[in-house]
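This report is meant for a reader who is meeting the structure for the first time. It begins with the chain as a whole and then turns to open spaces, two residues and an interface.

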Amino acid sequence: MTRQHVRRLTLFMLLAPFLLWILLMIVLPHLGIFALSLREKVAPLVYTIGPKNYLDFLREPIYWNTLLRTASISILVTALTFLVGFPIAYYIAKIAGRRVKGALFLACLIPLWVSDLVRAYGWMILLRETGVVSSVLQWTGIVDGPVELLYNDATVVVGLVYTVVLFMIVPLASTLEGMDDSLIEAGYNLGGSGFTVMRRIVIPYAMPGIVAGSIIVFMLTAGSYLTPILLGGKNSMWFTEQIYEQFITRFNWESGATFGILLLLFTSLTVWLGLRLSGQSLATTVARSEA
Amino acid sequence: MAYDLECERVRKRFGAFVAVDGVSFRIPRGSFFSILGPSGCGKTTLLRMIAGFETPSEGDILIKGRSVLALPPNRRNVKLVFQHLALFPMMNVEENIAYGLRCKGMAKGEIARRTADVLERVGLPDARRKDIGQLSGGQKQRIAIARCMVLDPDVLLLDEPLGALDLKLREHMKIELKMLQSRFGTTFLYITHDQSEALVMSDRVAVMNDGRFEQVGEPRELYHHPKTAFVAGFVGDSNRWPGRVLDRDPAGMRVETRSGLIFIADVTDGGIGKGDAVDVFVRPESIAVTRGEGAGGQDASGETNRRTGRIEGVLFNGANTRILVRTSTGDQIEADLPQGGAEANLGNGDPVTLTWKRTGAKCFARAGGTQAR
């Protein structure tokens, strides 16, 4: 074997686990789901291929309304996550001292040690009719009777922001960390106000981090299941809930697969639009936010 | 005389550490003033106080005669060229220059006119649409200066902006900066640790050490008449010997080094007396080199010092040649060879005689902690 052969073999061996993962865990299942979504049931155990499942989706307003609702709340959650996460990331990257920085990052990571489920139940203990917040409000006399704070959209949004905010903070903080402080000082020195420096220097510089964080947060939110169901109740109208229902409750795998493909297409389209609007490309975003 | 910048007994403490210790100076309008000092001497802190990024613990800073201590950085009309320039990477050249004008709320047409004008003046009229990454080191330098000059500052502060450039470009930019300064007529305050930058460009130089100004003067004056041991050691190259005063008279003094060399040296400090510990500084170019051992031994009487020794090393530098001579007493002396002549081809091991006048040897009281190269 020549050296070139050895080198090629080494490269192949190194790449193999990654390629296998992509192929077996991502490409194959999605091809399967896609094939399933094109299957039409004509009689028991008799199937043909056709777009009926997709047409059903369009014919039934409750389905595409749920999808639009999921997408718009996810966009709202992404925007709120940015508003909450940016000051925290800025503080961690630019203002906090070296030691505080580590402690703050750790504080951000601690919630990840507890499962999603337990965290959602934590919110329920706080917010339900007999929960902590309701009891305190009654005890202080601000309200007369018990208040139900669960099972509305605001609670779902707050719960989702809480779940995903870390995924905004980390890419933002690492982008801001790479920014030379003298850029900010130059912004002031040349006559900029605090607002101008933020708008014209810090935010444009952090754009790749903002876009990276937003993509992660949007995808996680749109694909989340536990938080909307537990905090929003049975009527939260989240699209993943529809998928679950088709697969598990109605045993209609063809329709469930169709919804799955539609969710993937719709979120990808939203991300693509977001990238176009912010003038970023996926490649630069990923490269810059990692640096 | 009108002063663009005045500092009055400015002090800055960080906890127990005093970074700037009671510095006072005035810069006349339109001049090129440098602060020269080793890293950690407090020059950057001083600059940051003038720009408004730090607040002095004591003292006052005046720009055009008015105190600016109460003004935040964005309201002071002093602009700073940062050490690494800090050009905004997400903006192109034109946007970088227009940034400050837009902060002032100037009309679009006027901004375009002034931007084009300043680019013309720094010699880069075609760079408007270029990205920062497309510029060479020297062009970035000029854009950083243009970005400040377009705002017509009272004082332009420069924080070692040539440090990152390679040698050839640095030499070129020294001249360029000096030319730009005289073309714009703006007061420049330049800080550096590189003595050649300070000497070449400045009208006046302040040598700073441990938070204080050691000496302020014209480059020539600092070089030829240093007032302290630190200045003598830091500005230019020098041979430096620690020693002790044997005796003194009005004309000069005789100093004996630890190894037993005896010098006659000029008195620069009236306070030095017999038995005091001193440092003697002799510049390599004030030592005359002749071939051969001559009378041999050493002589330190009258007006001239004379030593003999053998060459240990020859450092050829193009414009001049420096030799390292080991004397019979074991001391090492650096001396410059004259261009051409019989001595130009001296080599290792050759015996030479070194002579220098009393006035070429400066003698300072040795201060505790004073450092020199």
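## Chain A as a whole

Two residues are in contact when they have heavy atoms within 4.5 Å of each other. Among contacts in chain A between residues at least 6 apart in sequence, 65% join residues at least 24 apart. The model is predicted, and local features need pLDDT of at least 70 while side-chain atom pairs count only at pLDDT 80 or more, although totals for chains, interfaces and linings use all residues. Residues are numbered from 1 along each chain as its sequence is written, chains are lettered from A and ligands numbered from 1 in the order in which they are written, and side-chain values use heavy atoms, with hydrogens and water left out.

Chain A holds 13 helices and two strands, which are DSSP runs numbered from the N terminus (helices are H or I with at least four residues, strands E with at least two). Its C-alpha trace spans about 85 × 75 × 35 Å along the principal axes. Of the 291 residues of chain A, 39% count as buried, where buried means under 20% relative accessible area, exposed over 50% and partly exposed in between (1.4 Å probe, protein chains only).

Grid points are joined across faces, edges and corners, and a volume is the space filled by probe spheres set on the points. The largest pocket holds about 370 Å³, and of the 14 residues that line the largest pocket, the closest to its centre are A:Thr78, A:Ser214, A:Ile215, A:Thr270 and A:Gly274. Helix H3 (61–95), helix H9 (194–222) and helix H12 (253–278) of chain A are the elements that give two or more residues to this lining.

There is one cavity of 30 Å³ or more, and the largest cavity has a volume of about 50 Å³. Its lining takes at least two residues from each of helix H5 (116–127), helix H7 (153–177) and helix H10 (226–232) of chain A, with the largest share, four residues, coming from H5(A).

## Two buried residues

A:Ser37 lies in helix H1 (residues 3–37) of chain A and is buried, with a relative accessible area of 0%. Its side chain makes a polar contact with the side chain of A:Tyr54 (2.8 Å); such a contact is a pair of N or O atoms within 3.5 Å, and within protein one must be able to donate a hydrogen and the other to accept it, while residues adjacent in sequence count only if both atoms are side-chain atoms.

A:Phe57, in helix H2 (residues 52–59) of chain A, is also buried, with a relative accessible area of 5%. Not counting residues up to four places away in sequence, A:Phe57 touches A:Tyr63, A:Trp64, A:Leu67, A:Phe239, A:Phe259 and A:Leu262.

## The interface with chain B

The contact takes 17 residues from chain A and 22 residues from chain B. The area buried between chain A and chain B is about 1700 Å², of which carbon and sulfur atoms give 63%; buried area is the accessible area (1.4 Å probe) that two parts lose on being put together, summed over both. A:Asn189, A:Leu190 and A:Arg200 supply 44% of the area that chain A buries against chain B, more than any other three residues.

Key
On a 1 Å grid over the protein atoms alone, a cavity is a set of points where a 1.4 Å probe fits but cannot get out, and a pocket is an open set with protein on both sides within 12 Å along at least five of seven lines; lining residues have an atom within 4 Å of a point.
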